[in-house]
Amino acid sequence: MEEAERVELTVDAVAPGGHCVARVDGQVVFVRHALPGERVVAEVTELHRGFARADAVEIVEASPDRVAPPCPYARPGGCGGCDLQHVAPAAQLDWKTAVVREQLSRLGGLTDAEIDALRVTVAPLPGGPLGWRSRVRYAVDATGRAGLLKHRSHEVVPIDRCLIAHPAIQALPVLGRNWPAADAVATVASTGGDVVVTALADGTPTPVDLPGGPATADLSGAPGGPAAGDTPATVREVAAGRNWTLPASGFWQVHPAAADTLVDAVLDLLDPRPGESVWDLYGGAGLFAAALAARVGPDARVTVVESAAEGVAAARRNLADLSRVEVVAARVETALARRRITGPVDLVVLDPPRTGAGAAVVRDMIAANPRAIAYVACDPAAFARDVRTFGRAGWRLATLRGYDLFPMTQHVELVGLFLPPAR
């Protein structure tokens, strides 16, 4: 095969990354814009040692799960933000469930019987597959046009609307104007009703005043632009029965229903009891810590560990009314290895970045002898690798729930309950 060559092939199973596996003359081909069982004409986009990447550009025999993508930019050569717009919503959940099962088997070392016992499914969130994304970062091309990136590329695709964006973001006049002084434009529509636009130039964020939008500064390139030292914008979020104030650039779940969905899952799986001590690792603004503190009571110790300065500041500000909650500014692996936090501890919430917790964190965490660990994961592969580490230490994955926090994309969120060996 050669790059840009077109080949007809039969598509096999789904794989991580939003594509399916196929084979041509024994060579593995990862095909986007396809579905299992389809016969397609695929155009080769990349050649690597041992495998190729391709886009399905013609459907010869379609799957019954195929639908017309609602967005005209969700196509080969178009925007790379949505992986699954060609897949019926119910089939998207099955797709993600299949990926989770495959990763638990291949990387997690679980048997088919063990995976079946978990009854893994991916549940949808309220609101449907469009209009959910409350944080959208648009790239800006060399001519000043805002858009989104192609798949595995830095090339900007100018668009007139992103259909998965929150309606308040879709209504902003970001895409219909020129941005000569910006590298990117970040937008937020919070659950507290705030809408903020921030332009980024050389990594420096500046809040932007758009007609009919939030008023703070103008970075359109016209005279009267922002002065140095403009105050960073903040937004209000509502979750876990509390109001939160966060930097617009800070981390928060992008689906409006995600924060409460994850909190409910963690509380249900851990079943916290009055007086129990808690660690909230990679705790961010302290979402899980606040919910758990309300359950374990005012005399119980709750510790948040977070390394990002924005997250530490947000946690200390938003949890100031909870006197028994301590916020530790440190990397989790450092806090554990250097005993910045010490056991024994009863409950742990683990919400690591996409790379996962890693073997060292898992080993140090279980050495503290908690009775249960709730693991919130945004990458099935990283989660599965940590499942294997837990298993080697005698811990078991007792429950696993999947949530479709990112409809139309290949991403899936998991919440797992790990329990120690029977005492």
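Here are some questions and answers about the predicted model shown above.

User: Before we start, what are the ground rules for this model?
Analyst: Residues are numbered from 1 along each chain as its sequence is written, and side-chain values use heavy atoms, with hydrogens and water left out. The model is predicted, so to speak of local features takes pLDDT of at least 70, side-chain atom pairs count only at pLDDT 80 or more, and totals for chains, interfaces and linings use all residues.

User: What is the strand order in the open sheet of eight strands?
Analyst: Helices (H or I, at least four residues) and strands (E, at least two) are DSSP runs, numbered from the N terminus, and two strands pair if DSSP finds at least two bridges between them. The edge strands, each pairing on one side only, are E7 (122–124) and E18 (325–329). The pairing is mixed, and the order reads E7-E21-E22-E20-E19-E16-E17-E18.

User: Which residue in E19 does Trp279 stand opposite?
Analyst: Strand E16 (residues 278–281) and strand E19 (residues 347–350) run parallel and are joined by four bridges. Opposite Trp279 you'll find Val348.

User: And which residue in E20 is the bridge partner of Val349?
Analyst: E19 also runs parallel to strand E20 (residues 372–377), again with four bridges. Val349's partner there is Ala374.

User: Are the side chains of E19 buried or exposed?
Analyst: In a regular strand the side chains alternate between the two faces of the sheet. Here Leu347 and Val349 point one way, while Val348 and Leu350 point the other. Buried means under 20% relative accessible area, exposed over 50% and partly exposed in between, using a 1.4 Å probe and protein chains only.

User: How many nonpolar residues does the contact of H4 with H5 have?
Analyst: Contact means heavy atoms within 4.5 Å; from H4, the residues include Leu262 and Val266, and from H5, Phe288 and Arg295. Ala, Val, Leu, Ile, Met, Phe, Trp, Tyr, Cys and Pro count as nonpolar, Asp, Glu, Lys and Arg as charged, and the others, Gly among them, as polar. The contact has no polar and one charged residues, and the nonpolar count is ten.

User: What is the phi of Tyr282?
Analyst: Tyr282 lies in the loop between E16 and H5. Tyr282 is buried, because its relative accessible area is 17%. Although Tyr282 is not a glycine, its phi is positive, at about 60°.

User: What is the relative accessible area of Met408?
Analyst: Met408 is in the loop between strand E21 (396–404) and strand E22 (413–419). Its phi is positive too, near 75°. Met408 counts as buried because its relative accessible area is 4%.
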